[in-house]
Amino acid sequence: MTAHDWLMERLESGQARFRVIDHPPEGHTERASRLREHALAQAAKCLVVRVATGRRSRRYVLAVVPGDRRVDLDGLCGMYGGSEAAFAARDVAERLAGSVSGSVMPFARHPDLELVVDPDLLVHDEIFFNAARLDRSVALDTADYLALARPRVEPIAQHSPPRRTAGRAATARRKTG
């Protein structure tokens, strides 16, 4: 069973309030949010993180933060008493998540993957995420998400630095140079 099929079955059997949104393939949170027509803060940005907990031991965390935020790797490291935290290698992340990068859903199916969600994502009535496919997303009632996914809820997000457009960056270089 594909991760997408598993998700659809889980949502339907759990009687979740959700809707499916088909769109052109997109794996970047900001662009997918524009296609789905919702606030970036409502997007569940899902990243697999490797936390080194000993010389040869590690834990994998599915970190879920609002789309306008970054994962606090140092915070995750401290949460698990680790010595280092980094994004998992792409092949490992895709194997654990069961889907390609950019389509990871905020549900942990693999037993070696612990789900941790930032509480700032959960303030919205509805969250949005790619449904283990780049061309399909789900808008899911947040209370239903919590009931079905049963994540650990911890503050794991940092504010993203403001993005500079190419025009503003060029202007800034001219003024200082």
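Here is a walk through this structure, from its overall makeup to its cores, sheets and salt bridges.

Keep in mind that this is a predicted model, where local features need pLDDT of at least 70 and side-chain atom pairs count only at pLDDT 80 or more, while totals for chains, interfaces and linings use all residues. Residues are numbered from 1 along each chain as its sequence is written, and side-chain values use heavy atoms, with hydrogens and water left out.

Let's start with the whole protein. Its secondary structure comes to 6 helices and 10 strands; helices (H or I, at least four residues) and strands (E, at least two) are DSSP runs, numbered from the N terminus. Of the 177 residues, 43% count as buried, where buried means under 20% relative accessible area, exposed means over 50%, and partly exposed is in between (1.4 Å probe, protein chains only). The protein exposes about 9,700 Å², with carbon and sulfur atoms supplying 47% of that; areas come from the Shrake-Rupley method with a 1.4 Å probe, and for residues only the protein chains shown count as cover. As for contacts (heavy atoms within 4.5 Å), take those between residues at least 6 apart in sequence: 69% of them join residues at least 24 apart.

Now for the inside. A nonpolar core here is a set of buried Ala, Val, Leu, Ile, Met, Phe, Trp, Tyr and Cys residues joined through side-chain atoms within 4.5 Å. The largest one has 34 residues, and Leu7, Leu11, Phe107, Phe129, Leu140 and Tyr145 have the most contacts inside it. H1 gives the largest share, 5 residues. Apart from this core lies another one, of 12 residues, including Val51, Val71, Cys77 and Val116.

Leaving aside residues up to four places away in sequence, Leu140 touches Leu11, Ala16, Arg17, Phe18, Phe107, Asp125, Glu126, Ile127, Phe129 and Tyr145.

Strands of a sheet pair through backbone hydrogen bonds, either parallel or antiparallel, and two strands count as paired here if DSSP finds at least two bridges between them. In this case 3 strands form an open sheet in the order S1-S8-S7, with antiparallel pairing. S1 (18–22) and S7 stand at the edges with a single partner strand each, so one side of each has no neighbour in the sheet. From one strand to the next, the twist averages 25°. S7 and S8 are joined by 6 bridges, and Glu126 has Asp141 in S8 as its bridge partner.

Helices pack here too. H1 lies across S1, S7 and S8, running at about 140° to S7. H5 packs on the sheet as well, touching S7 and S8, and its direction makes about 100° with that of S8. For these angles, axes are lines fitted to C-alpha atoms, for helices over the stretch in contact, and angles run from 0 to 180 degrees between N-to-C directions.

Next, look at S2. This strand is mostly covered, with 7 of its 9 residues buried. It runs antiparallel to S3, with 9 bridges joining the two, and a hairpin of 5 residues connects them. Arg50 has Tyr60 in S3 as its bridge partner. S2 is also joined to S5 (residues 84–87) by 4 bridges, again antiparallel, and there Val51 is partnered by Ala85.

Finally, the charges. A salt bridge is a side-chain nitrogen of Lys or Arg within 4 Å of a carboxyl oxygen of Asp or Glu, and the whole structure has 12 of them. In one, Arg17 meets Asp141, with the closest N and O atoms 3.0 Å apart. That pair links distant parts of the chain, since Arg17 sits in the loop between H1 and S1 and Asp141 in S8, 124 residues apart. Asp141 is buried, at 18% relative accessible area.

Glu26 and Arg31 also meet in a salt bridge (3.2 Å, N to O). Glu26 counts as buried at 13% relative accessibility, whereas Arg31 is partly exposed at 38%.

Then there's Glu114 with Arg152, at 3.6 Å, N to O. Glu114 lies in S6 and Arg152 in S9 (residues 152–153), so the pair ties together parts that are 38 residues apart in sequence. Both belong to a network of salt bridges that links Arg59, Glu114, Arg152 and Glu154.
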